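Good morning, and thank you for coming. I shall present one protein chain, beginning with a term that we need. Please look at the sequence and the structure.

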Amino acid sequence: MKIILFFIIVFVLSINILFAQDATGSKKYLKGQLHMHTNLSDGDASPIDVAKEYKEMGYDFAYFTDHYQSNDVSNIKVDGFLALPGAEWGAVLKNPYYNAIFNLHVNTLGKNLDDWGVFDLWKKHYYIHYSLAGYEEFLSEIDHDEMFNRTLSDVLTDFIEAAYKYGTIPIVNHPNWITYGLCPFDYRELLKVDLPYILEIKNASDGITEEGYKSVNSVEYTWDVLLSNGKNVLCTFDDDAHNYSKEVRDKLDKYNTPEYMVPGKTFVMVKADLNQYSIENALRCGDFYASTGVELEEYKVTKKSIYVKVKDKGKVNNIIFKGKMGLPLKWVTGNEAEYIFTGSPDEEYVRVKIADSDYNMALTQPVFQNGKKIILINK
Ligand SMILES: [Zn+2]
């Protein structure tokens, strides 16, 4: 009897171990895109063609984030590829430092516009997009006093609150957008926002200077200032693609214009199963990294260290472990590296940046030494 009981206990324990391993070990990295457009707004290809193009480029999933539009993603069927619902919203606001305006854009991932009817909320905040409404016409029609009444941080807080209220995930898009005489915004505005969100550190479309210029900080620096001041901000890189058609691409080639709004320049690698629930759970928990081409073979965080192994693509990789305010803590040239925590105050958080010899880059999410984890929910 005792022997039978022993075997039952061993059996139950081994099942638990199996389940425990399954929960953490079975998920692979999926390649995804969190920001792009179709011809439902100002993109130049249909949702199904866009889905096929992303699938061909090796993506497992993409969020369809047209301006103020819902894509009925249930109609977008491409084998082995998951089309997910989203939208991009905007507001125009006065910059308090200069005689200029901000154009705030926020993505909401996970639901269609039709599901939640928040259009009025955005309308209330003076939405505008250049492709949808004439800029001058818009400015002549609006009540300037009312429009300029609210600060960027107030309106952004409203946007993010609404995003969580309706069960979506917010991304603050391209803070360093400068086309049309727009003014970039940085930590001076974002420090006043307490809610967690994902920040678009790199946007591969035109007019975005995420690396900074003149007196404007890089978005990566903005991110470090936010993290160093206790803000809960995760990072992403996005395509914001608009141009898929051969006609546009040929024109770009002919005039030697940089391919400014084409798909496939960035991606996120998300540790999840290929379904919406699992992907969004991983995004909320920060189980993803952002890249322009560098891929990780292994990324392991324990209480003692961070270990990273870069997929060998025949390039020279620089692996940089960065601490508080972006301070480089360790720099390794090679395909793998480990950072062992020393307890220094500079390690309030540690994140990994990998840059290869072909100008590709990847950023991982911050690891906090006080046990804090960034989770995207409205507390
Ligand atoms: Zn966009």
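Two strands are said to pair if DSSP finds at least two bridges between them. Strands, in turn, are DSSP runs of E with at least two residues, while helices are runs of H or I with at least four, and both are numbered from the N terminus. With these terms, Y307 stands opposite E338 in β14. Strand β11, residues 305–310, pairs with β14 in the antiparallel sense over 5 bridges.

Please note that this is a predicted model: local features need pLDDT of at least 70, side-chain atom pairs count only at pLDDT 80 or more, and totals for chains, interfaces and linings use all residues. Residues are numbered from 1 along each chain as its sequence is written.

The open sheet has 3 strands in the order β10-β11-β14, with antiparallel pairing. Because β10 (296–301) and β14 (336–340) stand at the edges with a single partner strand each, one side of each is left without a neighbour in the sheet.

I turn now to the chain and its core. The protein chain contains 11 helices and 17 strands. Of its 379 residues, 39% are buried, meaning that 20 or more other C-beta atoms, placed from the backbone, lie within 10 Å of the residue's own. A nonpolar core is a set of buried Ala, Val, Leu, Ile, Met, Phe, Trp, Tyr and Cys residues joined through C-beta atoms within 7 Å. Which residues touch the most other members of the largest nonpolar core? Among its 82 residues, they are A62 and V270. Strand β3, residues 82–95, gives the most to this core, with 8 residues.

Key: Buried ≥ 20, exposed ≤ 12 C-beta atoms within 10 Å, placed from the backbone.
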